[in-house]
Amino acid sequence: MDHYTARKRNEYMEQEEDWDRDLLLDPAWEKQQRKTFTAWCNSHLRKAGTQIENIEEDFRNGLKLMLLLEVISGERLPRPDKGKMRFHKIANVNKALDFIASKGVKLVSIGAEEIVDGNLKMTLGMIWTIILRFAIQDISVEETSAKEGLLLWCQRKTAPYRNVNVQNFHTSWKDGLALCALIHRHRPDLIDYAKLRKDDPIGNLNTAFEVAEKYLDIPKMLDAEDIVNTPKPDEKAIMTYVSCFYHAFAGAEQAETAANRICKVLAVNQENEKLMEEYEKLASELLEWIRRTVPWLENRVGEPSMSAMQRKLEDFRDYRRLHKPPRVQEKCQLEINFNTLQTKLRLSHRPAFMPSEGKLVSDIANAWRGLEQAEKGYEDWLLSEIRRLQRLQHLAEKFQQKASLHEAWTRGKEEMLSQRDYETASLQEVRALLRRHEAFESDLAAHQDRVEHIAALAQELNELDYHEAASVNSRCQAICDQWDNLGTLTQKRRDALERMEKLLETIDQLQLEFARRAAPFNNWLDGAVEDLQDVWLVHSVEETQVRKLVPSRDQMLQEELTRQQVNERLRRQFAAQANAIGPWIQGKVEEVGRLAAGMAGSLEEQMAGLRQQEQNIINYKSNIDRLEGDHQLLQESLVFDNKHTVYSMEHIRVGWEQLLTSIARTINEVENQVLTRDAKGLSQEQLNEFRASFNHFDRKRNGMMEPDDFRACLISMGYDLGEVEFARIMTMVDPNAAGVVTFQAFIDFMTRETAETDTAEQVVASFKILAGDKNYITAEELRRELPAEQAEYCIRRMAPYKGAGAPAGALDYVAFSSALYGESDL
């Protein structure tokens, strides 16, 4: 005898012993039982064309008792003795009692002699035993006992009805509303429940009795007056009568059970499909964002101006602070959703989810690595470009300054060199002009280095791709061309002055005599001219300009000193925070890693601890934001080095993202363990054992076992593995061929046989009930038997039935049921 049958028998025995201890029946109860049990027996005996009038008399010879048992069991009893002697009657009753005992019922204090002698109490006890075994014992709702199952069924059926509160099988039925509610729940066309009144119990009971007898073939087994006028109606009589309603509606109950099973299976599939759709949607959006972002990060075309490049840097700062963090969370959530979905699929014996092509977790991880690689190079390039533009700006300013000074110096020089003043000059004047010209040539030679420096600056600006290189080149070319022209004009003027000097010397010889006579005057005149010319040769304008530049240069140096002091304060301010935040993040990452590898206590306690850790981490975010602000000030001040700390802003950002991802993954792992534990009934001790085994073979301490380590783990636990068997197991624990075994997959493998789950065959059988035993089902039947959402779900997905003899619109529920447990195709 199996455990279930033994438990049922023990429950019956307990109930029968309760009856045995209550042999002295209340007279009202005896009357109710006599009427109810008589009607119940006749409801079955009439199928054999007979009935009883007096329950204690008509069963005395055992013949109708044996007939009753044959009708209700559908089995043949031994042939009855035909004699009319007392021992014949006792023999027949014993055959009936032996048959009852053969059904696993232990008879207490009931003997054949008492039945033959017409003992009413014993006869009623025997009939109750038969009712209990054949009409009530098989009623079970959610593995409750027969009595509790029948009560629970009544409670569920009458729950929506006003003024009905079924708590027992006596007083809860006195006003008749519970019986009317049972009928209305299954056949609303038979009773107008809204018109019933609680203060009319007789009318309610009679309504229920009459409708049940007329339309449900349930004979009247009770009297309304007896029930109403008895403080506590007989429980066995009420149970017997109510059990008839259960069996009358058994077909509907079977259909409801089938519908509930289907709804449960569909709910699992719908939830899984929703998670799949969310994964696909989130994966598509994330991959699209990466696809759009990577070209922006890979674009190395610089801006022409410092302000434009600083805007690029600001855009990158917004990307790191505002745009990327939500995507980091999305990526983490995507992995969490994927792991949770795979856990739920494994627990419900569904195949692993295979995302669309290009949307595997590994695909997203590869795309993310590409994003971060581009991101890292992009910031380095931005800083390099800003440094280049900073140098260009300095060189350009230097070029403009030197070019302006040179152009100021050359202003008017061409006109001066082009003068023909020597043509009307005397010999002394020509010689004075020559001396002045020699002084100019010396000055011109001194400016040669300036021109070359200007040209070198222009060349460097060109090599550094200065955005206004054309303007620089044009100005530099003009300066060089002018310089060449000045050289040419200088040489021409020297030649002209020397020719004029020779000519005037010849004339001077001719006038020598005159000269000797006019010597005093000429000497005075020459001296005056020289004095006047010496004043012109003094570079007084340039000297004055230099004196003016000295204070300006001092001011510039002072401003630079102040700027560098501010920059140093910014460096120290950033470093002070970074040197505290960096180790804190690293410590938290290590702490979360230790938690993941060696969590103790119940899963609920672990979850509470992790949630507290998560909250602590979230609360720390304000420190990261302050550091970002200081980092922005450094960048705006064009400070890109900091000797006071080894932590850059990028180090902090990467560590923070790793910390958030780590805590989220660890929490999700515990959530999935809860799912597994609840589905498979694991104890905390079992989970701790699994964790210890897993940690021992997690060589890299990264929460995953390599295939070789997993094989070693299985061998240590007694598995005898060949190559083929191990390959089969790997397809179970690593369905996406990631090359690793997670803790959740390990738990699932260790417990894969323990969970009770629905199968495709059970779902097919349930649909077959709803379909009235047909091999197809119609949309009308689905809408009638299932809730609207589940019915439409089935109608949308069921293929047309291709078998012969089916009406138009028939649907194939067999293929649909198989698909529920097959590969999901979104």
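Is C476 buried or exposed? Select C476: at 10% relative accessibility, this residue counts as buried. Buried here means under 20% relative accessible area, exposed over 50%, and partly exposed in between (1.4 Å probe, protein chains only).

**Before moving on**

The model is predicted, so local features need pLDDT of at least 70 and side-chain atom pairs count only at pLDDT 80 or more, while totals for chains, interfaces and linings use all residues. Residues are numbered from 1 along each chain as its sequence is written, and side-chain values use heavy atoms, with hydrogens and water left out.

**Whole chain**

Show the cartoon. The protein has 33 helices and two strands. Helices (H or I, at least four residues) and strands (E, at least two) are DSSP runs, numbered from the N terminus. Of the 826 residues in the protein, 45% are buried. Contact means heavy atoms within 4.5 Å. Among contacts with a separation of 6 or more, 74% join residues 24 or more positions apart.

A disulfide is a pair of cysteine sulfur atoms within 2.5 Å. The structure holds zero of them.

Now jump to C794. This residue is buried, with a relative accessible area of 0%.

**Helix α32**

Keep C794 selected and extend to residues 788-797, which form helix α32. Q790, A791, Y793 and C794 are its buried residues. Seen down the axis of α32, they fall within an arc of 160°, so they line one face of the helix. The arc is that of the directions from the helix axis to the C-beta atoms. Turn to the other side of α32: A788, E789 and R796 are exposed there. An α-helix has 3.6 residues a turn, so residues three or four places apart point the same way.

**Helix α4**

Select residues 63-73, helix α4. Buried here are L65, M66, L68, L69, E70 and I72. Step just past α4 to G74, which takes a positive phi of about 75°.

**Helices α9 and α12**

Color α9 (residues 177-186) and α12 (residues 235-248). They pack at an angle of about 10°, with their axes 11 Å apart. Axes are lines fitted to C-alpha atoms, for helices over the stretch in contact, and angles run from 0 to 180 degrees between N-to-C directions. The two helices, α9 and α12, are therefore roughly parallel to each other. Angles under 35 degrees count as roughly parallel, over 145 as roughly antiparallel, 65 to 115 as roughly perpendicular and the rest as oblique.

Show side chains. From α9 come L179, L182 and I183; from α12 come Y241, V242 and F245. The residues of this contact divide into six nonpolar, no polar and no charged. Ala, Val, Leu, Ile, Met, Phe, Trp, Tyr, Cys and Pro count as nonpolar, Asp, Glu, Lys and Arg as charged, and the others, Gly among them, as polar.

Which residues does H406 touch? Leaving out residues up to four places away in sequence, H406 touches H447, V451, I454, I479, Q482 and W483. H406 is found in helix α15 (residues 361-410). H406 is buried, with a relative accessible area of 1%.

Next, F440 in helix α17 (residues 427-446). At 6% relative accessibility, F440 counts as buried. Not counting residues up to four places away in sequence, F440 touches W409, K413, M416, L417 and T490. F440 and T490 are 50 residues apart in sequence and 8.7 Å apart in space, C-alpha to C-alpha.

Then H453, in helix α18. H453 is partly exposed, with a relative accessible area of 30%. Its contacts, leaving aside neighbours within four places in sequence, are K398 and K402. H453 and K402 are 51 residues apart in sequence, with C-alpha atoms 8.5 Å apart.

**Two loops with positive phi**

Most residues other than glycine have a negative phi. Select D217, in the loop between α10 (201-215) and α11 (224-229). Its phi is positive, near 60°. D217 counts as exposed, at 53% relative accessibility.

Finish at D465, in the loop between α18 (448-463) and α19 (469-510). D465 has a positive phi of about 60° although it is not a glycine. At 60% relative accessibility, D465 counts as exposed.
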